[in-house]
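Walk me through this structure, one region at a time.

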Amino acid sequence: MPASESDPHAPVDGLGPVRGDGPVDGLGPVRGDGPVDGLGPVCGDGPVDGHGPVYDLAVVGAGCAGLSGAVTAAELGLSVALLDASAQTGGQYYRHPAPALGAVRPEALHHDWSAFAELRRRQEASDITRLTGCHVWAVIREDGDLWAVHAVTGADGDGERPVRVRARALLLATGAYERQLPFPGWTLPGVVGAGGAQAMLKSGLVLPGRRIVVAGSGPLLLAVAASLAAAGARVPAVVEASGYLRYARHPRALAANPQKLAEAAVHGAELLRHGVRVRTRSAVTAVHGRDRVEAVTVSRLDREWRPAQGTGRHIECDALAVGFGLVPQIELAAGLGCAVRRTADGTSALVLDPLQETSVPGVWAAGETGGVGGAQLAREEGEMAGLAVAARLTGRSALVRSGRMRELRRRRARMRAFADVMAAAHAPGVGWTRWLADDTDVCRCEEVTAGRIREGVAGLGARDVRSVKLLTRAGMGWCQGRMCGAAVACLASGAEAPPPSAERRPLAVPVTLSALASLDEPRAGPEPRGR
Amino acid sequence: MARDPVELAGARPGPPFEITFDGRAVAALPGQSVAAALWAAGILAWRTTRVGGRPRGAFCGIGQCYDCLATVNGTPNRRACLVPASPGDTITTQEGHGHAGLGV
C-alpha cells in the first residue's frame, strides 16, 4: 500500500478493502494486487456512520485463538475485522516464513500444522477483513456501546497512518510472551530467548549459532531444542530448572490429556535421536565470552532453585536459548479494567466466565490471555468465544446451549487442568535470585543491576515493582518491564512470592506523537460497566 | 537430519540480494527480516547500549524486548526482528539512543 502517497496525518477509520482484495496493512497488500485505498469504501461490512464502518466483532490477534474466533463468528454471519501486528496469520505458535522464502515444508517446523492450515483455509474462504501490520496500542469505549481499537501500522509500527477499527464486540486474543529471569551474562550477544530462537527459526530460517544450549524452565524448552536440532544445530544440553516428576503427582490430568503426552514423546524422541542430554534441576548461572557467547556454566539447583556451590559444569557453546515459561499478554484488557487472576506459576491472566467473556461486558478473550494453555486450547476457546459473541449479537442463544458448546467446555476443562499442572511444575522457585551477582543487569533496557535494585529494596524500603521502578528506572525502558518485570517483582518482595502485577500499560505499544496528534477529537464514552 | 533450516523447510527462495551492515556487504534472502539476515551472516550484535556501551542484538525475536533496535537507512530505533530486509538496505550499528545526530 503506498502509504506515503496518502496524507500521513489522516486518521483512518476501519480501513476496509473491497472484500476479496486481500489483507490491508501498513506493509502493502499481501495478496491481491489492486491498490488498496485506506479511505475507500467498504462493502457490506455493517452499518457505516460518519466515522466509517462498524464491525460486529473486532478480533485482536490472528494466532490460534483469534483466527479460530474470527472464522467461527464470520461463518455465523457476523462482520469481522481481524487485526494482527504481523503480515501473516498464525501468531507465534504457527509463525512461518514469508511467502518470498518459498518454504515448501513449513510443517517441518511445527507440531500439528494441519490444524492451522484448516483455520487458514476457512479464513481465506470467509469475508473476514484482515488488517495486517496493525500494532494495537489501546482499546477504548465509545458512544453507542462501541469499541474503538487503535493501532499504529507498519512492520514495526513505524508507519505514519494510525488505524481505528470500531466494533460492537471485542475478542482479545493477544497471546503471550516469554518470561525471563536474569543471570550473570544474559545480556551478552548470543543469549536469546528460547521462544525468540524458535521464532527466528520459524520465520527467518536462521539460527543464532551452531552449538546452542537451551535453558530455563517449561515445556517449550523441549520443543525449542527439538526444532533447533532438526534444523542442524548441535544442542549440547537442555537445562531445566525444575524436574518432570511433579507431573506424576497429577495422574488424572495426565491421563485425560494423551495428546500432550504424545507431543512430549515426539519432542523426547527427537532429542534422543540427536543425542541431546536433558539436565533437570539445573540452571545456567554464568555466561562466558567477551563480545559474544563462548561457553556457559550450568549449576545444580535445589528444590527451591537455589544453586549449589561447587556444582558448576562448563559447557562450550556459541549461543544460549533461554526462557522461563510464558506470560499472558493482557495490557489491552487490563487497560479496560478487566479482572485478572494469579496463575499457578505466578503470572497474571484474565478472569473469564464460562463463555470466555471478561469481567467487562462485550469484551471476550481466548487462548493464553486467560492463562497459558497451548495452541489446541487456544483454538477451542477461540471457537467458544466466536459462538458466544454470535449468540449475544444475534440473539441466537441456542448457539451457547448447543452440544458443540458443551463438548468444547468439557475439553477446555480437561486442558485447563493439564495447564495448571504444567504451570505448577515449572513455577520459579524462590531461590533463583541467589544466582544473581550484584553487577548482573536485571533491566536490560535501562541497564539497572541487581545490586541497585537490592539497594532500593533493602536501603530505601521499596516493596513492589512500581517503587523499584521509581527509584532505579528498572522497567522504565523501551520494553516497559516485559523482560525484567517478573525478576523485579521477586527482588522487591524478598523471599515471598510476589503479588501479581496488573500489567497496566496505558499504551500497549510505543506510539509516536504524530500518530496521537492525528486522532480526531476524543469523544467521551461511558465508563465500562463492571460486574 | 537437515544441514540447515533452509533445507529443513524445503525453502526455495528467490535469489539473495545485498544489504550492508556498517559498510560490509551481507546477503539476505527475500522474506527475511533484517535480524534474520544478520544472524545468517553470523552477526549477533548491532546496537550499543546507552549507559555501558555494550553490544546487543535480537533477544526475544518477536518485537517485545526492543533489544534489536538498529539504524536502518538512517532511521534509528527500528526493530530489526520485525523489519523486512529490502535490497540495498543500509544497516548501521545504533549507538545509544540513536539520536546523536540531533545533538540531544
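The model is a predicted one. Helix H10 spans residues 450–459 of chain A, and its buried residues are A:Ala450, A:Arg452, A:Ile453, A:Gly456 and A:Val457. An α-helix has 3.6 residues a turn, so residues three or four places apart point the same way.

The loop between E23 (441–443) and E24 (448–449) of chain A holds A:Glu447. A:Glu447 is not a glycine, yet its phi is positive, at about 55°. Most residues other than glycine have a negative phi. Is A:Glu447 buried or partly exposed? A:Glu447 has 19 other C-beta atoms within 10 Å. Burial needs 20 or more, so A:Glu447 is partly exposed.

B:Asn73, a residue other than glycine, has a positive phi near 50°. B:Asn73 is placed in the loop between strand E5 (69–72) and strand E6 (75–79) of chain B. B:Asn73 has 13 C-beta neighbours inside 10 Å and counts as partly exposed.

Next, a sheet in chain B. Three strands make up an open sheet with mixed pairing, in the order E4-E3-E8 (chain B). Strand E4 (55–56) and strand E8 (94–95) of chain B are at the edges. Each of these has a single partner strand, so one side of each lacks a neighbour in the sheet. Strand E3 (residues 47–48) of chain B runs parallel to E8(B), and two bridges join them. B:Arg47 has B:Gln94 in E8(B) as its bridge partner.

Back to chain A, where another pair of strands is of interest. Strand E5 (residues 80–83) and E6(A) of chain A are parallel and pair over three bridges. Opposite A:Leu82 stands A:Arg130 in E6(A). What lies between the strands in the β-α-β unit? E5(A), helix H2 (residues 113–125) of chain A and E6(A) form this unit, and it is right-handed. In a regular strand the side chains alternate between the two faces of the sheet. In strand E6 (residues 129–132) of chain A, A:Thr129 and A:Leu131 point one way, while A:Arg130 and A:Thr132 point the other way. All four are buried.

Now step back to the whole chain. Chain A contains 13 helices and 24 strands. It has 531 residues, of which 56% count as buried. Among contacts in chain A with a separation of 6 or more, 68% join residues 24 or more positions apart. The chain is divided into domain 1 (3–177 + 328–394), domain 2 (180–323) and domain 3 (429–517). Domain 1 of chain A puts seven residues in contact with nine residues of domain 2 of chain A. The domain 1 side of this contact has three nonpolar, three polar and one charged residues.

The largest nonpolar core has 197 residues. Those that touch the most other members are A:Ala58, A:Leu83, A:Val214, A:Leu228 and A:Leu320. Take A:Leu228. Apart from neighbours within four places in sequence, the contacts of A:Leu228 include A:Ala197, A:Leu201, A:Leu207 and A:Ile212. Also in contact with A:Leu228 are A:Val214, A:Ala233, A:Val235 and A:Ala321.

A:Leu377 gives another view of the fold. This residue lies in helix H8 (residues 375–394) of chain A. A:Leu377 counts as buried because it has 24 C-beta neighbours inside 10 Å. In sequence, A:Leu377 and A:Ala65 are 312 residues apart, but their C-alpha atoms are 8.1 Å apart in space. Leaving aside neighbours within four places in sequence, A:Leu377 is in contact with A:Arg412, A:Met415 and A:Ala419.

Last comes the contact between the chains. Chain A gives 47 residues and chain B gives 46 residues. On the side of chain A that touches chain B, the elements that give two or more residues are strand E10 (176–178), strand E11 (191–193) and helix H3 (194–204) of chain A. H3(A) gives the most, with seven residues. By class, this side of chain A has 29 nonpolar, nine polar and nine charged residues.

Methods: Residues numbered from 1 in each chain as written. Chains lettered and ligands numbered in written order. Predicted model: local features only at pLDDT ≥ 70, side-chain atom pairs only at ≥ 80, totals over all residues. Contact = placed C-beta atoms within 7 Å. Nonpolar A, V, L, I, M, F, W, Y, C, P; charged D, E, K, R; others polar. Buried ≥ 20, exposed ≤ 12 C-beta atoms within 10 Å, placed from the backbone. Pairing = 2+ DSSP bridges. Right-handed = clockwise from strand over helix to strand, strands pointing away. Domains from an automatic or database assignment. Core = buried A, V, L, I, M, F, W, Y, C linked by C-beta atoms within 7 Å.
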